Amino acid sequence: MNPDTTGPAAVIVLAAGAGTRMKSRTPKILHEIGGRSMVAHAIQAARSIDPQRLALVVRHERDLVAAHIEEVDPEAVIVDQDEVPGTGRAVEVALDALDEKEEVRGTVVVTYGDVPLLTGALLTELVATHESEGNAVTVLTAILHDAHGYGRILRAEDGTVLGIREHKDATEDERAVREINSGIYAFDASVLRTQLRKVTTENIQREKYLTDVLELARDAGGRVSAVVTDDRWQVEGANDRVQLAALGAEHNRRIVKAWMRAGVTVVDPATTWIDSTVVLDEDVRILPNTQLHGATTVARDAVVGPDTTLTDVSVGEGAKVTRTHGSGSTIGAHASVGPFTYLRPGTVLGETGKIGAFYETKNVTIGRGSKLSHLGYAGDAEIGEDTNIGCGNITANYDGEKKHRTVIGSGVRTGSNTVFVAPVTVGDGAYSGAGAIIRKDVPAGALTLSIARQRNSEGWVIANRQGSNSAKLAQAAQAAAPDSSSTPATTEEGTQA
């Protein structure tokens, strides 16, 4: 144990259930809200009270769940539940596993892997009440208008807890009770260890109930009390996708509200989704229909939206991002992106730069003040500072087998519909004409052109599209021209053939 840790002796998170009502190949606790799996939320809440040790009990899809837990919290102890069903048995095997290293002494908190809105503040209150009152067991409860399906809290005249009756085992009078068991407890470790050995499976479900410990502890002279929360969402679990969506919406409402309190303007909270992993500065402005996911960060005075989705994107101070879908990218200070822009991973846009309308970028570094304004693609490329990439420019980075890089210097000006056939380098200050196809390196300061003679076959439409609207209009135009001729002719570059 860590002697510097001031939290409880241990937290045990129960994460073994199959979650069949979710109807998914993904284990229930791995379903996400707010950018984290439900079990990751549970781990975060557990770690926030600084426990000396943390254990998670797994069973359904054991390897998949265990791998995810190890990724989220490598120091957590993963414990396998055996064939004996029930929450009591799950806690028992976890306590036994922790005791193998060193016997647990002090407060043991038990939570669940599918209660994602539980906060460290509420767990701290639970532990503080448990320890200050010297309780054997302290249970977290809530008052619900509809308590169907929940275990009911049975109280003594002095307000202490007599026990908990599971809904399926409860009488009609007991089912009328509205105070419910959250399944979250603080136990004295020695009481928990002793009483779990006495719990049987003699009930309708043939399970070893953790709730039986409360009555056994009270019968042994221990004090059993409760902490009642008025925030029912913190004890709500997700057993199906309807409940998952409701929890997700409530989680998002709280996240958005917290950011507004912290100085962020959210124009339409109802259509704004912000993951719990996102970081925003003061005076950020979020416009409607915007989703911010993953490790996205947005600096002061930046404006994001409307109709924008960013995942793992860094947005610099004062930048503007409009109608953009982006991931794994960096947008510099006072830069501009959008509308209708697709930023793929590896895009780095420098300060005051621009990626404009109908542009796609991937694995490209764009220097300070450079502009890719409209209708193009830049991939596997490096672009210097103060360069202007014309309309319809494309880096042709793929030769059918390998990707190649394009390097464009600073102060470059490219004409419309320029194609860079990689690998190719364009020097500083170079220009390209409209329609240039650049297959060879361009020296600094050079003008590169791809010239082909323009050939006009006069009278072609009238001769080959007889009766069409185009032919009729062409005939009318020729008749109105002072030097009209019905004889077809071919010209090149404007000269009579």
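## Side-chain and backbone features of a predicted model

The side chains of Asn-239 and Lys-28 form a polar contact of 3.1 Å, a polar contact being a pair of N or O atoms within 3.5 Å in which, within protein, one must be able to donate a hydrogen and the other to accept it, and residues adjacent in sequence count only if both atoms are side-chain atoms. The model is predicted, with local features requiring pLDDT of at least 70 and side-chain atom pairs counting only at pLDDT 80 or more, while totals for chains, interfaces and linings use all residues. Residues are numbered from 1 along each chain as its sequence is written, and side-chain values use heavy atoms, with hydrogens and water left out.

### The annotated positions

An unreviewed UniProt entry places the feature "binding site" at Asp-114 and Asn-239; such positions are given in the numbering used here, with feature names shortened, and annotations may be inferred rather than shown by experiment. These positions are spread over 126 residues of sequence, yet they cluster in space, with a largest C-alpha distance of 8.0 Å.

Asp-114 belongs to the loop between strand E6 (107-112) and helix H4 (120-133). Helices (H or I, at least four residues) and strands (E, at least two) are DSSP runs, numbered from the N terminus. Asp-114 counts as buried because its relative accessibility is 12%; buried means under 20% relative accessible area, exposed over 50%, and partly exposed in between (1.4 Å probe, protein chains only). Leaving aside neighbours within four places in sequence, the contacts of Asp-114 (heavy atoms within 4.5 Å) include Lys-28, Glu-236 and Asn-239.

Asn-239 lies in the loop between strand E11 (224-229) and helix H8 (241-261). With a relative accessible area of 24%, Asn-239 is partly exposed. Not counting residues up to four places away in sequence, Asn-239 touches Arg-21, Met-22, Lys-28 and Asp-114.

### Aromatic rings and charges

A pair of aromatic rings is described by the distance of the centres and the angle of the planes. Rings of Phe, Tyr and Trp (its six-membered ring) pair if their centres lie within 6.5 Å; planes under 30 degrees apart count as stacked, over 60 as edge-to-face and the rest as tilted. By this rule there are two aromatic pairs, tabulated here.

| Pair | Centre distance | Plane angle | Class |
|---|---|---|---|
| Tyr-185 and Phe-187 | 5.2 Å | 40° | tilted |
| Phe-340 and Phe-358 | 5.1 Å | 15° | stacked |

Tyr-185 and Phe-187 are both buried. Phe-340 is partly exposed, at 46% relative accessibility.

Charged side chains also meet rings. A charge sits over a ring if NZ of Lys or CZ of Arg is within 6 Å of the ring centre and within 35 degrees of the ring normal. The charged end of Arg-232 sits over the ring of Trp-233, 4.3 Å from its centre, and that of Lys-403 sits over the ring of Tyr-398, 5.8 Å from its centre.

### Helix H2 and its surroundings

Helix H2 (residues 62-72) has Val-65, Ala-66 and Ile-69 as its buried residues. Viewed down the axis of H2, these buried residues fall within an arc of 100°, so they line one face of the helix; the arc is that of the directions from the helix axis to the C-beta atoms. An α-helix has 3.6 residues a turn, so residues three or four places apart point the same way. Asp-63 and Glu-71, on the other side of H2, are exposed. The cover over the buried residues of H2 includes helix H1 (38-47), strand E4 (54-58) and strand E5 (77-80).

### Backbone geometry

Most residues other than glycine have a negative phi, and most peptide bonds are trans. A cis peptide bond joins Gly-305 to Pro-306, with omega about 0°; Pro-306 is in the loop between strand E18 (303-304) and strand E19 (308-311). The bond from Ala-422 to Pro-423 is also cis, with omega near 0°, and Pro-423 is in the loop between strand E33 (419-421) and strand E34 (424-426).

Lys-23, although not a glycine, has a positive phi of about 50°. Lys-23 is exposed, with a relative accessible area of 71%. Asn-289 has a positive phi near 60° and is partly exposed at 37% relative accessible area.
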